[in-house]
Amino acid sequence: MSTFVYMVRHGESSKEGNERTRGLTPKGHLDAKRVTEILKEEKIEAVVSSPYIRSILTVEKIAEQIGQEVIVYEGLKERMFSSEDNRVSDKELVPLLEKSFGDSNFALEGAESNADCEKRAINVLKELLETFRDKHIVIGSHGAVMTLMMGYFDCKYDLDFLHSTSKPDIYRMEFKEKELVDVRRLWGIK
């Protein structure tokens, strides 16, 4: 038997609000419906998410479809790029990501490094693999933390991979026990 983890990167998000409260744009809401449609036949048994609103909104209809609520895990939140809960601009983010993927312990003062983010997120993922063993589970996620979790199991999931992802995006990871055996991109496939 296998455990299937569907990593769902959130849809296009609003620029308004802080990291936790930013919602989805109208396009993000439309794309969330498409995510739900794509995963409709995947026998999803549980839906978990980052505590950030944009991630929850991207996967909540999947949970409704199976008659459950989204289970929120603080440890799945996006990497903290600054010491505040404020959004880092795209202009500031690109060099931060380059430094962070070059040195996994790099972080701005009061922020979080890739190494720290990966450690907390992998702890949650390992717990989920145990709790939902041989099941199909959706994880509402973010670009950097999703890349770090996937990169923990296979180093090809790196900064170039992160830059190649879209908002939203879906990757189905197949695990035998806690070993990653296959990854397939589901977003953009008819």
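**Cysteines and helix H3**

The sulfur of Cys117 lies 18 Å from the closest cysteine sulfur, that of Cys155, so the two are too far apart for a bond. A disulfide is a covalent bond between the sulfur atoms of two cysteines, and here it is called as a pair of cysteine sulfur atoms within 2.5 Å. By this rule, the count comes to 0 disulfides. Cys155, too, is in no disulfide. Cys117 is buried, at a relative accessible area of 0%, while Cys155 is exposed, at 69%. (Buried means under 20% relative accessible area, exposed over 50% and partly exposed in between, with a 1.4 Å probe and protein chains only.)

This is a predicted model, so local features need pLDDT of at least 70 and side-chain atom pairs count only at pLDDT 80 or more, while totals for chains, interfaces and linings use all residues. Residues are numbered from 1 along each chain as its sequence is written, and side-chain values use heavy atoms, with hydrogens and water left out.

Now for helix H3. Helices (H or I, at least four residues) and strands (E, at least two) are DSSP runs, numbered from the N terminus. H3 covers residues 90–102, 13 residues in total. From first C-alpha to last it reaches 18 Å, close to the 18 Å expected at 1.5 Å a residue (that is, 1.5 Å times one less than its number of residues).

Which residues of H3 are buried? They are Leu96, Leu97 and Ser100. Seen down the axis of H3, these fall within an arc of 105°, so they line one face of the helix; the arc is that of the directions from the helix axis to the C-beta atoms. The face turned away from this buried side carries the exposed Lys91, Lys99 and Gly102.
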